[in-house]
Amino acid sequence: IKSVVLIINICVGTFAARSGKIAAFIKENSHEDLCHFLEDIPADPNTFELIARFCHGFELQISTENVVPLTCLAYYLGMNESHSKNNLLIKTLTFFE
């Protein structure tokens with residue numbers, strides 16, 4: 001399953017509110033182009049699903065098994081404090097402390 005299959009069920013606006021990279025992409029491209037962009041995201045479906053759940057406000061259970069892939073994908077997607085407060089990157093980095 002590719003990441004794009006998982007994104008179909010979430011609102012693009014909700015995802016863009018948390019992801020600087022997605023927000024910038026949809027400002028300059030069509031939603032059809034977004035599907036191709038999402039297919040190229042370097043993430044396994046489970047990690048992408050966790051990020052989609054986070055974007056929808058679900059509490060994320062960060063663990064030793066998922067913290068590294070979550071941190072990498074949050075960094076790649078620009079899910080940082082400068083884009084949105086209390087974002088995923090800071091949560092995963094805090095887990096390491």
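**A walk through an all-helix chain**

Touching, or contact, here means heavy atoms within 4.5 Å. Residues are numbered from 1 along each chain as its sequence is written, and side-chain values use heavy atoms, with hydrogens and water left out. This is a predicted model, in which local features need pLDDT of at least 70 and side-chain atom pairs count only at pLDDT 80 or more, while totals for chains, interfaces and linings use all residues.

Now step back to the whole chain. It holds seven helices and zero strands, and reading along the sequence gives the pattern α-α-α-α-α-α-α. Both kinds of element are DSSP runs numbered from the N terminus: helices are H or I with at least four residues, strands E with at least two. Of the 97 residues, 37% are buried; buried means under 20% relative accessible area, exposed over 50%, and partly exposed in between, with a 1.4 Å probe and protein chains only. The accessible surface comes to about 5,800 Å², and carbon and sulfur atoms own 56% of that. These areas come from the Shrake-Rupley method with a 1.4 Å probe, and for residues only the protein chains shown count as cover. Among contacts with a separation of 6 or more, 63% join residues 24 or more positions apart.

The largest nonpolar core has 21 residues, and Ile51, Leu77, Met79 and Leu88 have the most contacts inside it. Helices α2 (12-18), α3 (20-28), α4 (31-39), α5 (45-55), α6 and α7 each supply at least two of its residues, with the largest share, four residues, coming from α5. Such a core is a set of buried Ala, Val, Leu, Ile, Met, Phe, Trp, Tyr and Cys residues joined through side-chain atoms within 4.5 Å.

Next, look at how helices pair up. Helix α6 (residues 67-76) and helix α7 (residues 88-95) pack at an angle of about 145°, their axes 9 Å apart. Axes are lines fitted to C-alpha atoms, for helices over the stretch in contact, and angles run from 0 to 180 degrees between N-to-C directions. On the α6 side are Val67, Leu70, Thr71, Ala74 and Tyr75, which meet Leu88, Leu89, Thr92, Leu93 and Phe95 of α7. By class, this contact has eight nonpolar, two polar and no charged residues. Ala, Val, Leu, Ile, Met, Phe, Trp, Tyr, Cys and Pro count as nonpolar, Asp, Glu, Lys and Arg as charged, and the others, Gly among them, as polar.

A second pair is α3 and α4, whose axes come within 10 Å and cross at roughly 145°. Lys21, Ile22, Phe25 and Ile26 of α3 make the contact with Asp33, Leu34, Phe37 and Leu38 of α4. Here the classes are six nonpolar, no polar and two charged residues.

Finally, visit the loops. Serine 84 sits in the loop between α6 and α7 and counts as buried because its relative accessible area is 13%. Beyond its neighbours within four places in sequence, serine 84 is in contact with Ala17 and Arg18. Asparagine 86 lies in the loop between α6 and α7 and is partly exposed, at 46% relative accessible area. Its phi is near 55°, a positive value in a residue other than glycine. Most residues other than glycine have a negative phi. Proline 42, in the loop between α4 and α5, is exposed at 57% relative accessibility.
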